[in-house]
Amino acid sequence: MGPLSLPKQDRSRATRQRLLEAAVACLAEHGWAGSTVSVVAERAGVSRGAAQHHFRTREELFTAAVEYVAEQRSAAVRGLLPQVQLITGPARTHMAVGQLVDLCTGPLFRAALHLWVAAANDAALRDPVTELEARVGREVHRMAVELLGADERRPGVRETVQGFLDMCRGLGLATLLTDDSARRERLVKHWTAVLGDLL
């Protein structure tokens, strides 16, 4: 590999990353109908041709974008583990619950929702989005168990953690239409108590 190829590879990686971040931002702000390759390319500051060099189809771009940010967010939550593990009792549970609620109410979740709706009506998107959702769902569940310090061998723990994550997704849906922050904080306190008692 020659010395001139490294900067080109670095530029290519940076362009790809800008496209992925722009695609997620566009989905979150404009939904599927308003998120075209041209709109994403413009937001990323690259040509439409450069965008199509990295992603052959619109579906490929948006599926990769949600996966990319899911991985980034998962990495950020994993980074909290050492900090959370130093805390015990209700403070740990409250911090973990808050982080998991944030995960399901942020821009990534909003973008994923738009992609899920589009996938329900688009055969080209359905399989990759379904596979992605299954993988992300497993990862989020695993992180929740670690963050909460939950022992899933105990009866009812797995189901309670899953019920909590389902509630988080419901909060994510609610934020699409209204500012749900006041109710969200009450639910964080409630689930901190529920999970604290169980765990």
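Student: How many cavities of 30 Å³ or more does a search of the whole structure find?

Tutor: Keep in mind that this is a predicted model. Rolling a probe the size of a water molecule over the atoms shows where empty space is left. For cavities of 30 Å³ or more, the search of the whole structure comes back with 1.

Student: Which element gives the most to the lining of the largest cavity?

Tutor: The largest cavity has a volume of about 250 Å³, and 18 residues line it. Helix 4, helix 5 (89-105), helix 6 and helix 7 each give two or more residues to that lining. With 7 residues, the top contributor is helix 7.

Student: Phe109 and Trp116 are among the lining residues nearest the cavity centre. What kind of aromatic pair do they form?

Tutor: A pair of aromatic rings is described by the distance of the centres and the angle of the planes. For Phe109 and Trp116, the centres are 5.6 Å apart and the planes stand at 90 degrees. Planes over 60 degrees apart get a name of their own, so this pair is edge-to-face.

Student: Another pair is Trp32 with Phe62. How many residues apart are they?

Tutor: Their rings are edge-to-face, 5.4 Å centre to centre with 70 degrees between the planes. Trp32 sits in the loop between helix 1 (5-30) and helix 2 (37-44), while Phe62 belongs to helix 4 (residues 58-85). The pair links distant parts of the chain, and the separation is 30 residues.

Student: Which residue lies over the face of Trp32?

Tutor: Trp32 is buried, and so is Phe62. At 3.7 Å from the ring centre of Trp32, the residue over the face is Arg58.

Student: How many residues does the largest nonpolar core have?

Tutor: Phe62 turns up again here, among the residues with the most contacts inside the core, along with Leu19, Val40, Leu61 and Leu115. Helix 1, helix 2, helix 4, helix 6 (107-120) and helix 7 (123-148) each supply at least two of the core residues.

Conventions. Residues are numbered from 1 along each chain as its sequence is written. This is a predicted model: local features need pLDDT of at least 70, side-chain atom pairs count only at pLDDT 80 or more; totals for chains, interfaces and linings use all residues. Side-chain values use heavy atoms; hydrogens and water are left out. Rings of Phe, Tyr and Trp (its six-membered ring) pair if their centres lie within 6.5 Å; planes under 30 degrees apart count as stacked, over 60 as edge-to-face and the rest as tilted. Helices (H or I, at least four residues) and strands (E, at least two) are DSSP runs, numbered from the N terminus. Buried means under 20% relative accessible area, exposed over 50%, partly exposed in between (1.4 Å probe, protein chains only). A charge sits over a ring if NZ of Lys or CZ of Arg is within 6 Å of the ring centre and within 35 degrees of the ring normal. A nonpolar core is a set of buried Ala, Val, Leu, Ile, Met, Phe, Trp, Tyr and Cys residues joined through side-chain atoms within 4.5 Å. On a 1 Å grid over the protein atoms alone, a cavity is a set of points where a 1.4 Å probe fits but cannot get out, and a pocket is an open set with protein on both sides within 12 Å along at least five of seven lines; lining residues have an atom within 4 Å of a point. Grid points are joined across faces, edges and corners, and a volume is the space filled by probe spheres set on the points.
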